[in-house]
Amino acid sequence: MLPKKNRLDLKKNFLEIRRNGKTLRGKLFDLLFQKLVADFYPPSFAFVVSKKIDKRATKRNGVKRLLSEAVRNFLPQIQPGIKGVFLAKKEILGKSFVEVKEEVEKVFKKENLFK
């Protein structure tokens with residue numbers, strides 16, 4: 001699980017990020033993100049796994065934990081002031097942690113979100 005300071009409140013921020021942010025498409029997920037002007041905010045993320053992915057809550061929660069852990073490993077390297085929402089795709093089911101972590105790294109590098 002991400003530390004509390006790195007968790008994004010979806011209700012407050014989702015529509016703002018969707019309107020003003022950019023979308024990065026990956027094989028396993030889409031990332032909606034927004035760079036804030038103020039760099040003193042820590043990077044924060046939220047994870048959305050639809051019932052279209054899997055009807056069982058245990059599978060959806062497992063996907064959220066997998067994505068959360070992959071992002072947590074990169075937190076010290078991510079630029080401050082980034083808000084992001086991960087939208088999981090059906091292809092993420094059955095993937096290992098290493099595959100998800102590589103995809104997260106590839107998407108972050110593509111948009112230069114690392115320091």
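I began with Arg 25, which forms a salt bridge with Asp 30, the closest N and O atoms lying 2.8 Å apart. I take a salt bridge as a side-chain nitrogen of Lys or Arg within 4 Å of a carboxyl oxygen of Asp or Glu. By this rule I have a count of eight salt bridges.

The model is predicted, so I note that local features need pLDDT of at least 70 and side-chain atom pairs count only at pLDDT 80 or more, while totals for chains, interfaces and linings use all residues. Residues are numbered from 1 along each chain as its sequence is written, and side-chain values use heavy atoms, with hydrogens and water left out.

I then looked up accessibility (buried is under 20% relative accessible area, exposed over 50%, partly exposed in between; 1.4 Å probe, protein chains only). Arg 25 counts as exposed at 55%, whereas Asp 30 is buried at 12%. I also found Arg 25, Asp 30 and Lys 89 linked in a network of salt bridges.

Next entry: Arg 56 pairs with Asp 54 in a salt bridge, with 3.0 Å between the closest N and O atoms. Arg 56 is partly exposed at 47%, and Asp 54 is buried at 12%.

Last entry: I have a salt bridge between Arg 72 and Glu 69, closest N and O atoms 2.5 Å apart. Arg 72 and Glu 69 are about one helical turn apart because they sit three residues apart in helix α2 (residues 57-74). Helices here are DSSP runs (H or I, at least four residues), numbered from the N terminus. Arg 72 is partly exposed at 35%, and Glu 69 is partly exposed at 24%.

Methods. Helices (H or I, at least four residues) and strands (E, at least two) are DSSP runs, numbered from the N terminus.
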